[in-house]
Structures are given as C-alpha cells and as structure tokens.
Amino acid sequence: MDALHYSFIVPVFNRPDEIKELLQSFLAIEGNTPFEIVIIEDGSTIDCKAIVKDFETDLNISYYYKPNSGPGSSRNYGMLKAKGNYFIILDSDCLLPPQYLSVVISELDKEYVDCFGGPDAADQSFTNLQKAINFAMTSFITTGGIRGSKSQNDKFQPRSFNMGISKAAFEASEGFGNIHPGEDPDLSIRLTKLGFKTKLFNNAFVYHKRRISWSKFYKQVYKFGLVRPILNLWHPTSERIIYWFPTIFCLGLVLATISASFGNYFLLIIFSLYIVLAFVLALIQTKNLVIAIQAIFAIFVQFLGYGFGFLKSTIVIKVLRKEPENYYPNLFFKNAN
C-alpha cells in the first residue's frame, strides 16, 4: 500500500457561516500529518470565498466555484481536483473533534479499507432541537443501527457527511451518482459489488450541526423514504426488512388507536412502552428533560416522514411500475458528472 495523502472534500451551497465553523475546527486537529482541504462551491449565490481566504495562511486549502449540480457531482469534482490519494468527504454543517484525523489514521493502519464511514454526534454547543433530532437520527431504537453500530462494522454503508474513500475506489466506481439524497448508500453498494471493503470507524465521529427546523426535518426524512425503494430497485440484494419499520410503526399506531376506541388497549400499551423506552434513553443520553421530550416528537416526525415516503415510493415503483427519474425528477440532478 502506498503512503496515504489525505484530502478533505467539502461541497457547500449558500452556507459561508458553516464553512467558517468547519475550518475553525480544522485548526485544532491534532497530529503532524499533512492534509489538504478542497472546498467546492456548488453554484452558491452567497459564496464563502472570502471566508476561505481568511484561513489560507493557516490551512492548505483549495477553493473551486462551479455551476450547481448537487452534492454528489460536487464531491466528484473535488476528488478530481484533489492532490491526495485518500479522500475524506464531509458536509459543510459538520465540525471535527481534534482527534478525528488521528483516529482515521490509526484505524487504516490497523486494517486498511478503501472506504469507511463514521458516526455523527451532537456537541454541547448545539441547540436543544439539534440534539433532539440527533438522537432520533442516531439511536439504535430508531434507525436500527443503520447509521452506525459496532455489530455491523464490516457491513456498514458510509454516509457522505463523514466518509472516506480511496482514489482507487473512486476511479473504479466513478464516484457518486446523480440521485439526491441516496447518493451515498448507492455508492457504498456499488463499491461492495466491485470488491472494495467498507467499514464503520466507530470512533471517527463528527459533530453534525444540522441547520434544521421541524418542517425541514420532515421534508428531509420524507425524501429519505422516497429514495430507499429506488435504491432497492437498483440494488435488489440491499433490501432489508428494517427499512419497513417506520411505515409499519405508523400503520400500527393507527391500528392501535382504532383498537383502543373499541376497548382493546394491547397495541396502544406496546406503543406506549416504546415511547417510554425512547424517552428514558434520550434522557440518559442528553441529561435534559426538554431535549428528551423533543426527541419523542422528533421520532414521530422521522417515522411519519420516512414511513409515508417509503410506502408511497414503494407503491409507485413496485406496483405502478413507474420510472423513478421520470416520476421523481426532483430527486435527480440532470447535469451531474
């Protein structure tokens, strides 16, 4: 294996403040390993060029502006421009803990893989809403470990907010496709088919500072639900029963409510126990009563949005046999690389 030279790839769209916070976190990175940062401005009307310039004396940064073509295409563009042979892809709303690169290097030294993913966490500085949504997005009782679980280390599908990929794997796979969201699991599945190993680096976490509201969160998870049946269509071996859980949860809750109206409370009790368990886990994790209450609401928003999107897309694709790109044009960037 050749010596690894690291390039951080960061697409950004109209979020200069996020880039400033991310670059500030780079200043605190521990160790002496050199690295470069490649910022790709994806057709922003509010660019971060001036922000990047302020950090040029302290960090090795390259800045590129290109027409808007989506995050997947922008990451591909950045990897083509990068000078390294191992790329670490981050979202602009992430912050790096000081030990991040040292952990990645240690993991790759211990067992080299051509693609890895890391979890996301909530920093103490985050708002209550950000912490509540982080719990809903990362807890085992909500996502079933899809976003990171020690028991699934060697079967992990990295997510592009915190993902590493070798230059060799990028060239063989031709990088991200034009779907969004869903471009990261699509790439992970294709890499596995090509014989590249993917793995979860459980300690290589980032602080994922989602700029989000309840309505934006619903829209985000709804799109996640729409995308999954498309990925299952493209990659039938990737289908998992766990993807049905939010839909089953929502339909089951409706059934439980109807049953309770007829005096049968069994299902409603089961759902109540689940909610209590989620509340207790959120309270233990966050140590904040308000966040724990918001986390319950976040779980319902997540399951409703994802579950409805998944069911709708499944019917459209599997029952009505519609072509995804024609039926859901807003999920595809036409001018991707």
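**Rings, charges and a surface patch in a predicted model**

I270 is partly exposed, because its relative accessible area is 41%. This value, like every other one here, comes from a predicted model. The residue belongs to helix α11, which covers residues 266-286.

A pair of aromatic rings is described by the distance of the centres and the angle of the planes. Across the whole structure, a search finds 25 aromatic pairs. In one of them, the ring centres of Y86 and F116 are 6.2 Å apart and the planes meet at 15°, so the pair is stacked. The two partners come from distant parts of the chain: Y86 is in strand β4 (residues 86-90) and F116 is in strand β6 (residues 115-117), 30 residues apart. Y86 counts as buried because its relative accessibility is 0%. F116 is likewise buried, with a relative accessibility of 0%.

Strands β4 and β6 also meet a helix. In helix α4 (residues 100-110), the buried residues are Y100, L101, V103, V104, I105, E107 and L108. These buried residues pack against several strands, among them β4 and β6, as well as β1 (6-12) and β2 (35-42).

Aromatic residues also gather in a group: F245, F249, F271, Y274, F300 and F303 make up one aromatic cluster. F303, in turn, is touched by F308, which also contacts Y218 and Y222 when residues up to four places away in sequence are not counted. F308 lies in helix α12 (residues 289-319) and is partly exposed, at 44% relative accessibility. From F308 to N14, the separation is 294 residues in sequence and 29 Å in space, C-alpha to C-alpha.

The charged end of R228 is placed over the ring of Y243, 4.0 Å from the ring centre.

R75 leads on to the salt bridges. Side chains of opposite charge can pair when their charged atoms come close. The search of the whole structure finds 11 salt bridges. One of them joins the side chains of R75 and D91, at 3.6 Å from N to O. D91 is in the loop between β4 and β5 (94-95) and R75 is in helix α3 (residues 71-81), so this pair ties together parts that are 16 residues apart in sequence. R75 is buried, with a relative accessible area of 2%. Along with D91 and E183, R75 is part of a network of salt bridges.

A further salt bridge connects K197 and E111, whose closest N and O atoms are 2.4 Å apart. K197 sits in the loop between α8 and β9 (198-200), and E111 in the loop between α4 and β6, so the pair ties together parts that are 86 residues apart in sequence. K197 is partly exposed at 36%, and E111 is partly exposed at 29%. In the salt bridge between E18 and R15, the distance is 3.2 Å, N to O. Here E18 is buried, at 2% relative accessible area, whereas R15 is partly exposed, at 34%.

Finally, there is D186 in helix α8 (residues 183-193). D186 counts as buried because its relative accessible area is 5%. Leaving out residues up to four places away in sequence, D186 touches G177, L231, W234 and H235.

Conventions. Residues numbered from 1 in each chain as written. Predicted model: local features only at pLDDT ≥ 70, side-chain atom pairs only at ≥ 80, totals over all residues. Heavy atoms only, no water. Phe/Tyr/Trp six-rings, centres within 6.5 Å; stacked < 30°, edge-to-face > 60°. Helix = DSSP H or I, 4+ residues; strand = E, 2+ residues; numbered from the N terminus. Buried < 20%, exposed > 50% of the residue type's maximum accessible area, 1.4 Å probe, protein only. Lys NZ or Arg CZ within 6 Å of the ring centre and 35° of its normal. Contact = heavy atoms within 4.5 Å. Salt bridge = Lys/Arg side-chain N within 4 Å of Asp/Glu carboxyl O.
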